Amino acid sequence: MRAPVVVIAASAAVLGPACAFAVEYMSVEQAQRSLFPQADRFEPQAITLSPAQQQDLQGRLGSTWHAPHWKVFAALKDGQQQGWVVVDEVVGKFELIGYAVAVGSDGAVRQVEILSYRESHGHEVRLAPWRKQFVGKKAGDAIQVGRDIANISGATLSCNHVTEGVRRIVQTLDVVRATHAGA
Amino acid sequence: MPAPDGAWLRRARPALGTLVEIGIGWRAGDASAAQHARAAVLEAGFAAIAHVQASLSRFAADSAIARYNAAAEGEVVPLEPDSRELLLLANELHAASAGCFDVSLGSGGWRLEDAGLRKLHAASHLDLGGLAKGWAVDRAVAALQEAGAFAGWVNAGGDLRGWGVELPLALRDEATGGVRHLGSLGEGAFATSCFAARNSPGRQVLAGGVRAAHVSVAAPCCAWADALTKVVGITGDPHHPLLQRYDARAWIHQQ
């Protein structure tokens, strides 16, 4: 195989200043259509839990239950619910990750899609003003270093925050489903 | 190189313990660029990633590696052809690096036989973490090319490979966050590992007491780039002779 052509900045030993990096992968609407292609409607749903349900969930998650900042949509086809799309956002050390998870009516995860990835230096990711600059951005309005196809290399970024977020969503919907099933 | 002038499609999903991003491109007017066709190509790429995870992750209960680690002395674990190929590469790298690259993390005691992977002693265990992400990237690239993507890339948590396009590269700052422009990658793979000073827990250790550094390697395929970051990091030698053998180059960036 041929060696790759790699052009590294002359000052690779001492790199330039750190800047932010962001990719908008999908809008919520694009994610809904991708996750449930057969659905004809997505209806926003509020999740409210009774004290008994909250306690059940606390036992399952092993931590105190707080009302989540999720956006929950029922995926409907001909009025029948096929499942849910839940949109959530998790914060890591330097990154803010928006994602959507599709859960079937049987409670199983069908797919997880990352909606947006934003990374910054310092603690900007937790500051409201930094996050606000992305409000209203559509998929394709990327704010990126260099061109639209910039890639990051680095030590592995863990997806723990996302998988933990998915776990909480699945357990919460399980509690909701159990109630509706008359259990 | 000629760039696709149709739109890029870029998607990411959690996999391999990290975020895996796939980007694919088409020429404008290409009939295969219809949305459902592009979605099918993407799925082929993500399916290849999922297949490597299921067959080789030590965390996937039914994977060959998980079964090997749980096996008793003398047992032979059957292998799929892809898994066998990866373990052959691991063997080759171990020999070529004089034991520096070691998927048994010093426990030894494994042997590839016609029937599968034999466990020679009970304490032997395998961890393909130093190789599996790069390998998964290579399998995904092959699947995407076979499915018809004219150009694109696969990036598994910073181990990446591109084809048909020159990719601008940025390096993550592990200490303070943000990214720094590094250069660009044409037709090949790039991997980065972070090595910390000896007294930093939980991180790979750079030889010679060097303080925290990134080691990046560019190589024709991602499995080689991934593995060679470990060899360069452990030896502290950015001109290690193994690099030439695998058509690779290395950089050490101090923090």
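This is a predicted model: local features need pLDDT of at least 70, side-chain atom pairs count only at pLDDT 80 or more; totals for chains, interfaces and linings use all residues.
If you read from the N terminus, the order is β-β-α-β-α-β-β-β-β-α-β-α. As for the surface, chain A exposes about 9400 Å², and 53% of that comes from carbon and sulfur atoms. And here is a figure on how the chain meets itself: among contacts in chain A with a separation of 6 or more, 64% are between residues 24 or more positions apart.

Now over to chain B, and to strand 10, which covers residues 213-219. Is this strand mostly covered or mostly exposed? Mostly covered: seven of its seven residues are buried. You can follow its two faces on the structure. Ala213(B), Val215(B), Val217(B) and Ala219(B) point one way, while His214(B), Ser216(B) and Ala218(B) point the other way. Which strand does strand 10 of chain B pair with? Its partner is strand 11 of chain B, residues 249-254; the two run antiparallel and are joined by six bridges. If you want one spot to look at, find Ser216(B), which stands opposite Trp251(B) in strand 11 of chain B.

Let's stay in chain B and turn to helix 3, residues 81-96. This helix has 16 residues, and from its first C-alpha to its last it reaches 22 Å, close to the 22 Å expected at 1.5 Å a residue. Which of its residues are buried? They are Ser83(B), Leu86(B), Leu87(B), Leu89(B), Ala90(B) and Leu93(B). These residues cover an arc of only 150 degrees around the axis, so they sit on the same side of helix 3 of chain B. On the other side of the helix, Pro81(B) and Ala95(B) are exposed. What covers the buried residues? The cover includes helix 1 (35-56), strand 4 (110-113), strand 5 (116-119), helix 4 (132-146) and helix 5 (222-235) of chain B. Just after helix 3 of chain B, Ala98(B) takes a positive phi of about 55 degrees.

Since phi has come up, here is some background: most residues other than glycine have a negative phi. Two further residues go the other way. Asp78(A) has a phi near 50 degrees and is found in the loop between strand 4 (71-77) and strand 5 (80-91) of chain A. Asp78(A) counts as exposed, at 61% relative accessibility. Leu16(B) has a phi near 55 degrees, and it lies in the loop between strand 1 and strand 2 (18-25) of chain B.

Back to the salt bridges, as promised. My first stop is Arg13(B), which meets Glu113(A) with N and O 2.9 Å apart. This pair crosses between chains: Arg13(B) is in strand 1 (residues 8-15) of chain B, and Glu113(A) is in strand 7 (residues 109-119) of chain A. Are the two residues buried or exposed? Both Arg13(B) and Glu113(A) are buried, with Arg13(B) at 7% relative accessibility.

Arg13(B) also forms a salt bridge with Glu43(B), where the closest N and O atoms are 2.7 Å apart. Because Glu43(B) lies in helix 1 of chain B and Arg13(B) in strand 1 of chain B, this pair ties together parts that are 30 residues apart in sequence. Glu43(B) itself is partly exposed, with a relative accessible area of 37%.

In chain A, salt bridges that share partners join Asp56(A), Arg60(A), Asp174(A) and Arg177(A) into one network.

How values were computed
Residues are numbered from 1 along each chain as its sequence is written. Chains are lettered from A and ligands numbered from 1 in the order in which they are written. Side-chain values use heavy atoms; hydrogens and water are left out. Helices (H or I, at least four residues) and strands (E, at least two) are DSSP runs, numbered from the N terminus. Contact means heavy atoms within 4.5 Å. Accessible areas come from the Shrake-Rupley method with a 1.4 Å probe; for residues, only the protein chains shown count as cover. Buried means under 20% relative accessible area, exposed over 50%, partly exposed in between (1.4 Å probe, protein chains only). Two strands pair if DSSP finds at least two bridges between them. The expected span of a helix is 1.5 Å times one less than its number of residues. The arc is that of the directions from the helix axis to the C-beta atoms. A salt bridge is a side-chain nitrogen of Lys or Arg within 4 Å of a carboxyl oxygen of Asp or Glu.
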